[in-house]
Amino acid sequence: MNGIGRAPKKAKKKAAEASSNVFSMFEQAQIQEFKEAFTIMDQNRDGFIDKNDLRDTFCALGRLNVGNDELDEMLKMAPGPINFTIFLSMFGEKLKGTDPEETIINAFKIFDPEGQGVLKGEDIKYYIMSQADKFTEAEVEDMFTNFPLDVAGNLDYKNLCYVITHGEDKEAE
């Protein structure tokens, strides 16, 4: 009987350790941003994001016709009820493969040996449409829509790298 009683404690301890590790994956400022997003999504303020919270969040964003199947699929991605720790760990899993900003900048520096921080738009378009995982014309145009070239036709790749790794434009801060 005692052996059975100890197993759940070990399981609980292991689950607690796993959930506490998620907080070490992010800087304090990032955790605060995730907390703000969670609070906005938790429309009924019960500490969990459920189907109604997702529906209300989509409505607030102007998407009124989200189906139950789509919401159920989203909720299935979580290992259980979505509290803040689960929410954070889900983002951690999604972001795990993201390269640090410095790594991405160094990749661009191959094309910018002088380290000016910008690349000619036509050059970057040529490279990303002709090398490795080739972009389509539409994907390039979408990138230039989201990260417009300057008046000289250059792409500010340092800002692009910042947005990829931090999620917002440096200049907007």
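Leaving aside its neighbours within four places in sequence, with which residues is Gly47 in contact? The contacts of Gly47 are with Phe38, Asp42, Ile82, Asn83 and Phe84, where contact means heavy atoms within 4.5 Å. The structure is a predicted model, in which local features need pLDDT of at least 70 and side-chain atom pairs count only at pLDDT 80 or more, while totals for chains, interfaces and linings use all residues. Residues are numbered from 1 along each chain as its sequence is written, and side-chain values use heavy atoms, with hydrogens and water left out.

The protein chain holds nine helices and two strands; helices (H or I, at least four residues) and strands (E, at least two) are DSSP runs, numbered from the N terminus. Along the sequence these elements follow the pattern α-α-α-α-α-α-β-α-α-β-α. Of the 173 residues in the protein chain, 25% are buried. Buried means under 20% relative accessible area, exposed over 50%, and partly exposed in between (1.4 Å probe, protein chains only). Among contacts in the protein chain with a separation of 6 or more, 51% come from residues 24 or more positions apart.

The UniProt record, an unreviewed entry, places the feature "domain: EF-hand" at residues 29-64 and 99-134. UniProt positions are given in the numbering used here, feature names are shortened, and annotations may be inferred rather than shown by experiment. Residues 29-64 are 64% helix and 0% strand, and the end C-alpha atoms of this span lie 32 Å apart.

The loop between helix 2 and helix 3 contains Gly47 and Arg45. Gly47 is partly exposed, with a relative accessible area of 28%. The C-alpha atoms of Gly47 and Pro81 are separated by 9.8 Å, the two residues being 34 residues apart along the chain. Arg45 is not a glycine, yet has a positive phi of about 55 degrees. With a relative accessibility of 55%, Arg45 counts as exposed.

In helix 3 (residues 51-60), the buried residues are Asp53, Leu54, Thr57 and Phe58. These residues lie on the same side of helix 3 because they cover an arc of only 135 degrees around the axis, the arc being that of the directions from the helix axis to the C-beta atoms. The buried residues of helix 3 pack against helix 2 (28-41) and helix 4 (68-76). Ala60 is also placed in helix 3, but is exposed, with a relative accessible area of 63%. Between the C-alpha atoms of Ala60 and Met41, 19 residues apart along the chain, the separation is 9.7 Å.

The second largest pocket has a volume of about 390 Å³. On a 1 Å grid over the protein atoms alone, a pocket is an open set of points where a 1.4 Å probe fits, with protein on both sides within 12 Å along at least five of seven lines; lining residues have an atom within 4 Å of a point. Grid points are joined across faces, edges and corners, and a volume is the space filled by probe spheres set on the points. The lining of the second largest pocket comprises 13 residues, of which Phe108, Ile124, Ile128, Asp133 and Phe135 lie nearest its centre. Helix 6 (101-109), helix 7 (121-130) and helix 9 (157-166) are the elements that give two or more residues to this lining. Helix 7 gives the most, with three residues. By class, the lining has eleven nonpolar, one polar and one charged residues; Ala, Val, Leu, Ile, Met, Phe, Trp, Tyr, Cys and Pro count as nonpolar, Asp, Glu, Lys and Arg as charged, and the others, Gly among them, as polar.
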